[in-house]
Amino acid sequence: MHNLFETEITYLKGVGPKKAGLLSKELGIYKYYDLLHYYPFRYVDKSKIHKVREVVSDSAYFQLKGRISNIRTSGEKRTKYLTADFSDNTGTIQLVWFRGITWIKKYLSMEKEYKIFGKPSVFQNRYNFVHPEIEEVVPGQEDVVGERLEGIYSTTEKLKNSGLGSRGIARLMKTLLNIVEPYIPETLPEYIINGHKLLGMKQALINVHFPANVSLIEPARYRLKFEELLLVNLQILYEKAYLKEKVKGHLFENVGENFLNFYNNHLPFELTGAQKRVIKEIRKDMKTGRQMNRLLQGDVGSGKTLVALMSMLIAIDNGYQTALMAPTEILAMQHYKTIKKMLGDMPVKVALLTGSTKAAQRKSLHAELKAGETHILIGTHALIEDAVQFNNLGFVVIDEQHRFGVAQRARLWKKNVIPPHVLVMTATPIPRTLAMTVYGNLDVSKIDELPPGRKPVKTVHLTESKRLQVIGFMRDQIKKGRQIYVVYPLIEESENFDLKNLMEGYEAIVREFPLPDYQVSIVHGKMKPEDKEYEMKRFADGITNIMVSTTVIEVGVDVPNASVMIIENAERFGLSQLHQLRGRVGRGAEQSWCILMSGYKLSNEGRKRLEIMVQTTDGFRIAEEDLKMRGPGDIHGTRQSGLLDFKIANLARDGEIISYTNKLAEKILEEDPKLSLDKNLLLKAGLERLIKDKPDWAKIS
Ligand code: ADP
Ligand code: MG
């Protein structure tokens with residue numbers, strides 16, 4: 001039977017092949033079903049037009065109608081911005097744009113009337129609107145959709161240009177709902193709907209798209225979130241149970257010669273209590289005969305590498321090979337060196353494999369690996385390629401997990417008949433709700449203690465006017481023998497511009513710190529790997545005083561003598577990135593500093609981020625704030641993992657529903673582990689739909 005909801009979106013009246021192509025490419029909407037479940041992200045009551053005088057809060061949205069005057073640009077280059085005065089008969093308020101200035105300037109006309117819509121912000125004790133929605137008032141042309149309470153759909157520039165702005169999408173939704181409404185099936189079991197007083201699916205969908213009044217929005221959204229989160233929780237718990245019961249693991253019974261030799265003769269310092277505890281936890285997993293899937297969380301500098309190495313030695317002592325996968329070449333290289341140095345003359349063979357390993361070298365490396373001669377293989381993505389074959393891989397460490405997806409982990413599994421134990425290490429503290437969902441299928445170990453003698457990094461936020469003092473401070477530090485990082489943002493869309501910015505910064509620093517008294521290095525993503533490596537090495541060896549770079553050094557680089565981290569245009573970095581960068585210093589016994597440089601004019605969010613960084617070095621607090629400010633989409637590679645493309649739930653805000661549905665899911669699976677009871681058939685169907693696009697997760701038989 002043809003399923004109405006599976007109809008290709010191109011057949012919907014008003015769509016056609018061109019728009020269908022765009023909808024699928026831009027929003028992942030292929031079928032009726034996808035559109036129906038594409039929800040507004042907020043609602044506005046556009047029946048009301050406020051007066052400028054009424055703008056008295058920065059936590060509400062306002063719609064104003066008025067005229068524009070006094071359009072002007074200020075600032076230079078990077079800090080350039082556009083302002084305009086917006087007035088009605090009660091007052092005047094400023095509008096500000098930092099981007100798209102040329103376009104906006106052309107669009108604005110003093111002759112016309114406009115409606116603006118947005119949330120005001122506060123600047124110098126006055127309200128203004130930064131990047132408001134703005135629309136020309138054309139007399140006689142009223143709202144097309146007709147609803148006063150309007151759902152706002154997120155859309156893209158390309159879609160907008162094809163008439164599919166938020167309004168356009170709403171129009172399609174109306175058409176679609178008219179067709180499918182009578183056929184919308186219920187997707188949750190009756191006992192759950194009744195037990196939790198949820199709206200039925202049909203009511204929920206109608207009201208989420210076209211709420212008749214405000215009081216219907218929340219129940220509709222709650223129902224949809226509840227279902228979405230219940231299914232995700234079911235999926236994760238199901239998978240966890242599967243891993244625990246079904247997946248056999250290599251048995252590492254003994255702590256052997258290498259481990260003991262290392263512990264007694266090569267350990268450069270006492271292990272911290274936390275390191276000891278975690279090694280014990282890992283060791284326990286390795287003795288169960290089940291595959292270990294463990295997440296090792298430990299803030300930057302907490303000493304995860306050592307834990308990884310000692311766990312690998314256990315595997316080696318039991319006759320297995322091990323692999324350590326890092327997200328970048330620089331990091332892989334660094335792990336390679338650190339580990340080789342720590343092992344010293346021990347009879348453990350370590351090899352390095354990255355994208356730039358030469359063909360001849362690669363060949364002999366492959367052969368040694370296949371023959372079982374290599375004990376530890378360190379590398380980048382290169383080591384999951386099919387050509388890389390082990391004799392007997394037993395244990396894999398993945399460093400800085402947030403750069404890798406679930407799919408890549410799955411490929412590692414296939415490197416042996418019995419999948420290797422997997423230890424995933426991440427330096428980014430993970431907020432509780434996120435941990436429950438993103439990593440819910442992993443067991444968690446935490447290193448919650450830094451090695452002794454570390455002083456917390458002191459953080460300050462400065463603007464350009466303090467530049468001279470900063471340079472003086474850098475000279476002082478260099479005189480004391482310390483080294484300095486200067487980091488510039490590099491964001492893909494404006495790569496060339498950023499690169500120019502970086503080069504200018506580099507040249508300015510070289511002018512201030514000339515040869516032969518000073519050595520300055522530069523590293524960025526566009527350099528050849530061997531050049532990068534050369535520069536990194538000079539810095540790591542203490543030859544260069546200053547390392548100017550982009551965020552290529554963000555993750556994992558370890559130079560304990562570096563005591564100053566200067567972050568340029570710090571307002572453009574996300575919180576967890578800033579935290580990572582700051583973690584590059586404060587690794588030695590000396591006092592370290594993190595200097596956040598920014599322009600004078602900052603968005604509210606930018607300012608807030610910098611404030612948080614100045615206030616705290618607590619990674620968990622920063623992670624929670626990050627989650628609150630950005631939403632989970634961009635954090636910890638949840639996007640790459642493809643695991644949490646939530647349609648409506650929000651990990652930052654829906655903590656309660658997450659915990660609640662997590663418990664409910666536990667209860668359901670306890671009673672019915674296979675979801676085979678009649679009353680749970682709908683849940684099973686929902687779960688199947690959820691994993692359809694995620695074959696790596698499709699463990700449900
Ligand atoms: P991360 O957890 O960020 O990967 P690393 O493993 O790079 O941290 O360790 C950070 C620094 O701390 C390294 O220089 C390492 O040698 C040092 N270190 C690790 N464990 C200890 C310890 N128990 N005592 C003192 N220093 C330690
Ligand atoms: Mg590390």
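Biologist: With which hand, left or right, does helix 7 pass helix 8 in its crossing?
Modeller: Helix 7 passes helix 8 in a crossing whose hand can be stated for this predicted model. The axes of helix 7 (residues 201-209) and helix 8 (residues 217-246) come within 8 Å and cross at roughly 120°, which makes helix 7 oblique to helix 8. The hand of that crossing is left-handed.

Biologist: Which residues in helix 8 does helix 7 meet, and how many residues of each class does the contact have?
Modeller: On the side of helix 7, the residues are Met201, Ala204, Leu205, Asn207 and Val208, and in helix 8 they meet Ala220, Arg221, Arg223, Leu224 and Glu227. Sorted by class, the contact of helix 7 with helix 8 has six nonpolar, one polar and three charged residues.

Biologist: At about what angle do helix 8 and helix 23 pack?
Modeller: Helix 8 also packs with helix 23 (residues 655-671), and there the axes are 8 Å apart. The angle between helix 8 and helix 23 is about 50°, which makes helix 8 oblique to helix 23. Helix 8 passes helix 23 in a right-handed crossing, and the angle asked for is about 50°.

Biologist: How do the residues of the contact of helix 8 with helix 23 divide by class?
Modeller: From helix 8 come Tyr222, Lys225, Phe226, Leu229, Leu230, Asn233, Leu234, Leu237 and Tyr238. In helix 23 they meet Ile657, Ile658, Tyr660, Thr661, Asn662, Leu664, Ala665, Glu666, Ile668 and Leu669. The residues of this contact divide into 14 nonpolar, three polar and two charged.

Biologist: What is the hand of the crossing of helix 10 and helix 11, right or left?
Modeller: Helix 10 (residues 273-286) and helix 11 (residues 304-317) pack at an angle of about 35°, with their axes 10 Å apart. The contact is made by Gln275, Val278, Ile279, Ile282, Arg283 and Met286 of helix 10, together with Leu306, Val307, Met310, Ser311 and Ile314 of helix 11. By class, that contact has eight nonpolar, two polar and one charged residues. The crossing of helix 10 and helix 11 is right-handed.

Biologist: Why can helix 19 be called largely enclosed by the rest of the structure?
Modeller: The buried residues of helix 19 are Leu575, Ser576, Leu578, His579, Gln580, Leu581 and Arg582. Helix 19 is largely enclosed because its buried residues number seven of eight.

Biologist: Which residue has the backbone oxygen that the side chain of Arg584 reaches?
Modeller: Arg584 lies in the loop between helix 19 (575-582) and strand 22 (593-598). With a relative accessible area of 1%, Arg584 falls under the 20% limit and is therefore buried. Its side chain reaches, at 3.3 Å, the backbone oxygen of Gln580.

Biologist: With the side chain of which residue does the side chain of Gln477 make a polar contact?
Modeller: Gln477 has its place in helix 16 (residues 467-479) and is buried, with a relative accessible area of 3%. Leaving aside neighbours within four places in sequence, Gln477 is in contact with Arg482, Ile484, Ser563, Val564 and Trp593. The polar contact of its side chain, at 3.0 Å, is with the side chain of Ser563.

Biologist: Does Leu499 count as buried or exposed?
Modeller: Leu499 lies in helix 17 (residues 495-512), and apart from its neighbours within four places in sequence, Leu499 is in contact with Leu490, His524 and Lys526. The C-alpha atoms of Leu499 and Ser549, 50 residues apart along the chain, are separated by 10.0 Å. Because its relative accessibility is 19% and the limit is under 20%, Leu499 counts as buried.

Biologist: What distance separates the C-alpha atoms of Val388 and Leu353?
Modeller: Val388 has its place in the loop between strand 13 (376-379) and strand 14 (393-399), where it is buried, with a relative accessible area of 1%. Not counting residues up to four places away in sequence, Val388 touches Leu353, His366, Leu369, Leu377, Ala382, Leu383 and Lys415. Val388 and Leu353 are 35 residues apart along the chain, and their C-alpha atoms are separated by 9.6 Å.

Biologist: What percentage of the residues of the protein count as buried?
Modeller: There are 24 helices and 22 strands in the protein. Among contacts with a separation of 6 or more, residues 24 or more positions apart account for 74%. Of the 701 residues of the protein, the part that counts as buried is 53%.

Terms used
Residues numbered from 1 in each chain as written. Chains lettered and ligands numbered in written order. Predicted model: local features only at pLDDT ≥ 70, side-chain atom pairs only at ≥ 80, totals over all residues. Heavy atoms only, no water. Helix = DSSP H or I, 4+ residues; strand = E, 2+ residues; numbered from the N terminus. Buried < 20%, exposed > 50% of the residue type's maximum accessible area, 1.4 Å probe, protein only. Polar contact = N/O pair within 3.5 Å; in protein donor to acceptor, adjacent residues only side chain to side chain. Axes fitted to C-alpha atoms, helices over the stretch in contact; angles between N-to-C directions. Parallel < 35°, antiparallel > 145°, perpendicular 65-115°, else oblique. Left-handed = near helix turned anticlockwise from the far one by under 90°. Contact = heavy atoms within 4.5 Å. Nonpolar A, V, L, I, M, F, W, Y, C, P; charged D, E, K, R; others polar.
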